[in-house]
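Look at the aromatic side chains here. The paragraphs below follow their ring pairs through the fold.

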Amino acid sequence: MIIHLYRCDSVAIRNISLKNSACWVECYNQCKDVTVDSISVNSKAFSNNDGIDIEDCENFTLTNSYFSTNDDCICLKSMDPSLSDQNIMIENNSMHYGANGVKIGTASNGAFRDIKILNNKVFDSYRSAIALEAVDGGAIENVEVNSLTATGVGNGIFIRLGERQTNQISKVNNVKISDVSIKIGIKKGWENGSAPAILIAGLPGQFVTGITLDHISITTLGGADGDSYKMSAKNLNEVPENPKVYPEYDMFGELPSWGIYIRHAKDIKFNNMSFICTKKDFRNPVVLDDAHDCLFKEMKITWPAVKKKPFSYQSTNNKF
């Protein structure tokens, strides 16, 4: 790594440029009261070139910076079950080319609490604009994402509960995502539109809970046809659970919707949503499977498809 700080307090890093690390570009591990402002990261020398890794830190501010990497641009991790990333501000940054734009996880042994991700931009990234992944027994709680713009990404929003180690129960709760504009469509690897724009997936008996999405606008590719693409709302039981698989938006293979897919979740609210699919797609725009107490209000869905109901669900107490 070019920068690796361990258990450091009262750190300020400003106005520097970092290029071509041999691993993660920079890692801040168990640090407190850190300010990183107006830095430029351009690192494509190695596949595992995270732009910045914030690991079990407290009172951390990352602002006004640019990241162009081969891997995740901004990544929060927790390696220690007794620690957490807490009181983290990520504001006014630009992310270009990498894997996920902003990711919480995959390493999620401890907690992530009181995280604000405000006014950021993601361009030409081949995975998710925002990924929240609790898969190692930790908790993701009290997260706010506001004013995000993403263009040319593989997926918009990915929220995942997993269980990579047996009986390590994770939690995702109280996440608010608002004022988001996303255009999906990367140059390679996503031509068939196999993944929905928003994917929220827990596990049987382990629900993602308390997610609110408000004022979201997404344009996606679609393009799945019934001849070459077999997954639909009629065979939801064929979607694998994959509790131990490394989490990415394409980890389930074919999925039965192009817009929103929610599985094993509770208390999910959508308000003022706009979805546009540019190609014909035989799937439903929205599919819910084992999703409970979900609210959909003021949604506009546009897609050149065969006439069918936009929603398909096997769940309870939902309102449309």
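How many aromatic pairs does the rule give? The count comes to seven. The rule takes rings of Phe, Tyr and Trp (its six-membered ring) and pairs them if their centres lie within 6.5 Å; planes under 30 degrees apart are stacked, over 60 edge-to-face, and the rest tilted. This is a predicted model, where local features need pLDDT of at least 70, side-chain atom pairs count only at pLDDT 80 or more, and totals for chains, interfaces and linings use all residues. Residues are numbered from 1 along each chain as its sequence is written, and side-chain values use heavy atoms, with hydrogens and water left out.

Start with F270 and F296. Their rings are stacked, 4.9 Å centre to centre, with 5 degrees between the planes. F270 belongs to strand β21 (residues 257-277) and F296 to strand β23 (residues 295-302), so this pair ties together parts 26 residues apart in sequence. Strands here are DSSP runs of E, at least two residues, numbered from the N terminus. F270 is buried at 1% relative accessibility. F296 is buried too, at 5%. Buried means under 20% relative accessible area, exposed over 50%, and partly exposed in between (1.4 Å probe, protein chains only).

F296 also pairs with F320. The ring centres are 5.5 Å apart and the planes stand at 25 degrees, so this pair is stacked. It links distant parts of the chain: F296 in strand β23 and F320 in the segment after β24 (311-316), 24 residues apart. F320 has 45% relative accessibility and is therefore partly exposed. Ring pairs join F270, F296, F311 and F320 into a cluster.

Definitions and conventions
Helices (H or I, at least four residues) and strands (E, at least two) are DSSP runs, numbered from the N terminus.
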